[in-house]
Amino acid sequence: KAMAFAPGFLRRLPWRLSTTMFRRNLCSASSPFLRRSRPTRVAWRERKSILGRHFASKVSVEEFDEAVDDLLDILETRLDDDSLPFEEFDSAGGVISLVTTKGVWIINKHSASRQVWLSSPRSGPSKYDYHPDVNQWISEREDRTKLHDLLVEEFSELVGEEFSFDGKF
């Protein structure tokens, strides 16, 4: 009868072990199992919307695919240049990886969230949303940096001279 109140993971354990755990951990008033450490799903969504984050992009799938394909084409055209001091460049399946002496840059198309993810040894990981009104990829961080501006700044520092792309993104 005591097992009727046990969480699902306890019900799947062998009977003797689970009843012992239930008696020792769940029945005491100081048990961590009795306290709810995470807010409910509804409260979590409300908290996320208060912080200004969104769950689904306002951009359609077709619009996202077109914008991210343009972005990856611009990046691939400019970065796949033998005159640049990069050790290795690879582009496949919506992922661009660039290996240098100062680290690895990875730019990844993330279709599920309709975002572009950047991993940089200089600025760290960040996610970018497409804003069709200004035709730019803008960070979801508080600083709201533009992907174009960040990559120009980082690659200019890496190359040692002014770096530019053939198009704006």
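I take helices (H or I, at least four residues) and strands (E, at least two) as DSSP runs, numbered from the N terminus. The model is predicted, so I keep local features only at pLDDT of at least 70 and side-chain atom pairs only at pLDDT 80 or more, while totals for chains, interfaces and linings use all residues. Residues are numbered from 1 along each chain as its sequence is written, and side-chain values use heavy atoms, with hydrogens and water left out.

I looked up Asp 82 and found it in the loop between helix H4 (61-79) and strand S1 (88-92). Is Asp 82 buried or exposed? Asp 82 is exposed, because its relative accessible area is 78%; I call a residue buried under 20%, exposed over 50% and partly exposed in between (1.4 Å probe, protein chains only). Asp 82 belongs to a negative surface patch with Glu 63, Glu 66, Asp 69, Asp 70, Asp 73, Glu 76 and Asp 80. Patch residues have over 30% relative accessible area and no salt bridge; like charges are joined within 9 Å, and nonpolar side chains (Val, Leu, Ile, Met, Phe, Trp, Tyr) within 5 Å. A salt bridge is a side-chain nitrogen of Lys or Arg within 4 Å of a carboxyl oxygen of Asp or Glu.

Entry: a nonpolar patch.
Val 95, Val 104 and Ile 106 form a nonpolar surface patch with about 180 Å² of accessible area together (Shrake-Rupley method, 1.4 Å probe). Ile 106 sits in strand S3 (residues 103-110). Ile 106 counts as partly exposed because its relative accessibility is 33%.

I count two strands as paired if DSSP finds at least two bridges between them. Strand S4 (residues 115-120) and strand S5 (residues 124-131) pair in the antiparallel sense over 6 bridges, and a hairpin joins S4 to S5 through 3 residues. Which residue in S5 is the bridge partner of Trp 117? I found Lys 127. S5 also pairs with strand S6 (residues 136-139), in the antiparallel sense over 4 bridges. Here Tyr 128 stands opposite Ser 139 in S6. The hairpin of S5 and S6 has 4 residues between the strands, and Asn 135 in the turn has a positive phi of about 55°.

Entry: two arginines with positive phi.
Arg 114, in the loop between S3 and S4, has a positive phi near 55° and is not a glycine. Arg 114 is partly exposed because its relative accessibility is 22%. Arg 144 has a positive phi of about 55° although it is not a glycine, and I found Arg 144 in the loop between S6 and helix H5 (147-159). At 41% relative accessibility, Arg 144 is partly exposed.

How values were computed:
Lys and Arg count as positive and Asp and Glu as negative; His and the chain ends are not counted. The place of a charge is taken as NZ of Lys, CZ of Arg, CG of Asp or CD of Glu.
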